[in-house]
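Please read them with the coordinates open beside you.

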Amino acid sequence: QDIGTPSNPWNKVYAGEFIGLINTTQENVTTGNLLVTGIATFQGSVSIAGTLTYEDVTNIDSLGIITARSDVHVGAGLSVVGVSTFKGDIKVTAGNTLTLNSNANDPVIKIQGSGPNFITFASDASGTVDADSINLVYRTTPNTLGFERASDNTIFFTVDADDGLVTVSNNLNVVSDLDVDGTANLDDVDIDGDLDVDGHTELDNVKIAGVTTISSQLNLDTTG
């Protein structure tokens, strides 16, 4: 049953509840809370001044910020033009590759903060951090980049960014040649092969178990 006529429509209709089909050709329909239990079809644009809360959608075209309270599942590619901020973890599952493209001027990964800044290499596929885990750590005091044990921060290897000094805190196993242009401070050295020294060498205590061949002059100081 129609209320009013096209030539003489009602200006306002006050009702507590509408049940059934509502068909209007007017430009504006004002209501408080709108509950739609079926499918709502909009043939034109939908403008929302407040917050749109939804569960399952197919396409989203947003000019502002989209906030997801839970997971975001992307079936195909995700193209982001601006900055993406993630407050939680980013996980790349096994069999997938995280590819980062860079050039000579822009860094691929930029870690910001007062430090120390570190990357942890877990000991297994489940992400366990224990005595077998290694941290790649950058420290500002001193200005070094090094490898440390994740469980107790034991330093194994560091490179000083100011003077280029390389420090090995434990054993150094060299399977090929070791060429040192500057000064090398070594506490204990175990050499299985040949030792070729071209410059000046100072040795406090030398113990030779095998044969020593000297092709030139050997100076021995017997004082003391």
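1. Strands are DSSP runs of E of at least two residues, and helices are runs of H or I of at least four residues, both numbered from the N terminus. In the hairpin that these strands form, with 5 residues between them, Gly164 takes a positive phi near 75 degrees.

2. On the provenance of the values, this is a predicted model, in which local features need pLDDT of at least 70 and side-chain atom pairs count only at pLDDT 80 or more, while totals for chains, interfaces and linings use all residues. Residues are numbered from 1 along each chain as its sequence is written, and side-chain values use heavy atoms, with hydrogens and water left out.

3. Strand 4 (residues 155–160) also pairs with strand 3 (residues 144–149), in the antiparallel sense and over 5 bridges. Within this pairing, Phe147 has Phe157 of strand 4 as its bridge partner.

4. The loop between strand 3 and strand 4 holds Asn153, whose phi near 60 degrees is a positive value in a residue other than glycine. Asn153 counts as partly exposed because its relative accessibility is 44%; the classes are buried under 20% relative accessible area, exposed over 50% and partly exposed in between, with a 1.4 Å probe and protein chains only.

5. A backbone feature to check is the cis peptide bond between Thr141 and Pro142, with omega about -5 degrees. Pro142 sits in the loop between strand 2 (134–139) and strand 3.

6. Taken as a whole, the protein has 0 helices and 5 strands. Its radius of gyration is 36 Å, well over the 17 Å that the globule rule gives for 224 residues, so the protein is more spread out than a compact globule; the radius is taken over C-alpha atoms, and the rule is 2.2 Å times the number of residues to the power 0.38. The C-alpha trace spans about 125 × 35 × 30 Å along its principal axes, and 5% of the 224 residues count as buried.

7. As for contacts, meaning heavy atoms within 4.5 Å, 1% of those between residues at least 6 apart in sequence join residues at least 24 apart.

Methods. Pairing = 2+ DSSP bridges.
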